[in-house]
Protein chains: 2
Amino acid sequence: MAGVSIGTVDRVLHNRGRVSEATRIRVREIAEKINYKPNMIARSLVTNRDRTIALLIPDQKDEFWRQARDGVKGVSGKWEQFRVIIEPFFYSADNRNSFEKASEEIIKRKPDGVVMAPIFLEEGRKLYEQCIELSIPVVMFDTAIPGAKPLAIIGTDSFQSGMAAAQLLHMTARKKGRFLVLHFDEEVINSPHMLDKERGFIEYLKKECPRRKYSIVVLNNPDHQYHQQLEEIFTKWKISGIYVSTSRAYHAGNWLSKEKKNKVKLVGYDLTSANIKLLKSGHIDFLINQNPNKQAEESINTLCAHLVHGEEIVPRKLFPIEIVTRMSIAISND
Amino acid sequence: MAGVSIGTVDRVLHNRGRVSEATRIRVREIAEKINYKPNMIARSLVTNRDRTIALLIPDQKDEFWRQARDGVKGVSGKWEQFRVIIEPFFYSADNRNSFEKASEEIIKRKPDGVVMAPIFLEEGRKLYEQCIELSIPVVMFDTAIPGAKPLAIIGTDSFQSGMAAAQLLHMTARKKGRFLVLHFDEEVINSPHMLDKERGFIEYLKKECPRRKYSIVVLNNPDHQYHQQLEEIFTKWKISGIYVSTSRAYHAGNWLSKEKKNKVKLVGYDLTSANIKLLKSGHIDFLINQNPNKQAEESINTLCAHLVHGEEIVPRKLFPIEIVTRMSIAISND
DNA sequence: GTGAAAGCGCTAACAA
DNA sequence: TTGTTAGCGCTTTCAC
């Protein structure tokens, strides 16, 4: 239409090579007029090479991360047909070194993209910056590195989920009685998520029911036997609600079940098998689902769609707070 | 590798044309051995034509369907670059004829696929069967036609959401007092969803708190002013919880708000603006989100991925029951 | 500065 | 029953 060859049009559209100003303008105008949209299929056909994307998440000791892994597996087949291979790298959630070691391997591998759950902020930042340097696109999920601007961040709003948890306890627990915020020594205490959740929880109580007493307690026992400590707490205080800001609510739930303390309301996180069992038996009242599988799925899809189809990216996707009860949980566990 | 031409390989792989048994087996074996996977990108490049998919949903009078429409709009751009054009057809949710008329137009249009929310079962079945005849793939969302086997069904479990609603009222409402199942005359009474929800609600009450009294009431007023009837009900009975199985919970919420009946718990459906307002002000306690936008999005994505990428389909996708509270709702409404 | 041509992996039409 | 070839829309390379 512009009276020039297809090669010249290509040069104009991609601002590459030398083109005279006159033809450049002419081609641009025509492209505008006919609303030219490049055919992404043809484009990906010609740049048809195998791509690798590195997945960096904690290892599978924890059911939460197993679910994330499953989410990735679920979509990896779909991207295989576009010649994207997802290479998993695992680190230990209680060992910063293992994260760094995995990071080094990833950099050595020079992947075409990285999806990571950087629960260690400083180490995560280091990897992120290396990727930026090598202009490898990065998608973060679960945890975001403050200040970093990756291609996309996928996650949940921890602060808000803490507020929601407090509201649920407030609505269902006995009016009298203290709320307990429980932590267990086996967890990464002070992770950003945990702190945000706790802050949200307390914020709600302060605003909506300032007269409600609460205590933050860290239980510790080398063998993860917290029964005795719970007993002490319950003799000391009259407890009407418990908030566990991690996936360890089952510890509290098991004890409540054993002690037949059916009136105490319990809110926890994550649809792990231990939690689900107690949810169904009525000893956990609410679980907040952080949807690790969907987060991971979305992360992979986002990165791959960008790489393969050149799709534009929504830089920040927050999953809604998913409140799950005994009756709302899917009957068939998939 | 098999010593035959690319054309023969193509014939074997697609079971078309005549191929000798010997070569057929040889090609199959080699394909198996090298784990041959067709390149979907190349395939879609060669069959590169514009495709139309018809979208059939109720018109935009109702906010629920406006949200569904928005979900479609959100992903239509992404499929445009694959040359898929989504053509919307609307019908009136209170007029079966309008559904039939739209159906006729769709069939005339001969689209490459149909996405529909067939709230009228018989008329929906008719369209479905015509599509089957013309081998046009169909995806249904929101409502499924009993017995029909479309490419995919996207929806929520109404029965279960009714149970969940009952549980939420049971957990939060005063122990004494009657539960009210409210319907409004402006709705399509007896829609399958509505009946399932109600059945689920009652099932829960029977099982979990058989002593709880409940009444099913249909309010009717030509001007949608239900205040007087609500007043009568509340003087007749001591009500502690209300269940509205549709998006009309705001009618009840507004009245509760006006009458300062803050102790009465209210569960409704759908994040419409009127409902959200009352949720935030505390007069609706729980909303069950049926996610019309995501349902529609998923429906379009499923059909398009099948058409364009030849992707395999999960024939039935149930969205989880999404319980929303004042604190769990996204702070910024998008 | 610009044009011509090869080729990405596949399908479809035609030839043998 | 099998082989050959054009061409889908684009990028890239080489030649002028």
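Two residues count as in contact here if their C-beta atoms, placed from the backbone, lie within 7 Å. In this predicted model, that contact between the chains takes 27 residues from chain A and 27 residues from chain B.

**How the two chains meet**

- On the side of chain B that touches chain A, helix H3 (40–46), helix H7 (158–172) and strand S12 (322–324) of chain B each put in at least two residues.
- H7(B) gives the most to that side, with six residues.
- Sorted by class, the side of chain B that touches chain A comes out as 15 nonpolar, seven polar and five charged residues.

**Symmetry**

- Take chain B, turn it by 180°, shift it 0.1 Å along the axis, and it lies on chain A with an RMSD of 0.3 Å.
- That is how a two-fold axis relates copies.
- Both copies use the same surface, with 100% of the contact residues of chain B recurring in chain A.

**Around DNA strand D**

- There are 24 residues around DNA strand D, and the ones that come nearest are Asn39(A) and Ala42(A) plus Gly7(B), Arg18(B) and Ser20(B).
- Helix H1 (6–14) and helix H3 (40–46) of chain A, along with helix H1 (6–14) and H3 of chain B, each supply at least two residues of this surface.

- At the S2(A) end, strand S1 (residues 51–58) of chain A pairs with S2(A) in the parallel sense over eight bridges, and Leu55(A) has Pro88(A) as its bridge partner.

**Strand S5 of chain A**

- Five of the five residues of strand S5 (residues 152–156) of chain A are buried, so the rest of the structure largely encloses this strand.
- Ala152(A), Ile154(A) and Thr156(A) point one way from S5(A), while Ile153(A) and Gly155(A) point the other way.
- Strand S4 (residues 138–141) of chain A pairs with S5(A) in the parallel sense over three bridges, and Met140(A) stands opposite Ile153(A).
- S5(A) also runs parallel to S11(A), joined by four bridges, with Lys317(A) as the bridge partner of Ile154(A).

Conventions
Residues are numbered from 1 along each chain as its sequence is written. Chains are lettered from A and ligands numbered from 1 in the order in which they are written. This is a predicted model: local features need pLDDT of at least 70, side-chain atom pairs count only at pLDDT 80 or more; totals for chains, interfaces and linings use all residues. Ala, Val, Leu, Ile, Met, Phe, Trp, Tyr, Cys and Pro count as nonpolar, Asp, Glu, Lys and Arg as charged, and the others, Gly among them, as polar. A residue is near a molecule or strand if its C-beta atom, placed from the backbone, lies within 6 Å of it. Copies are superposed by least squares on the C-alpha atoms of residues with pLDDT of at least 70 in both. Two strands pair if DSSP finds at least two bridges between them. A residue is buried if 20 or more other C-beta atoms lie within 10 Å of its own, exposed if 12 or fewer, and partly exposed in between; C-beta atoms are placed from the backbone.
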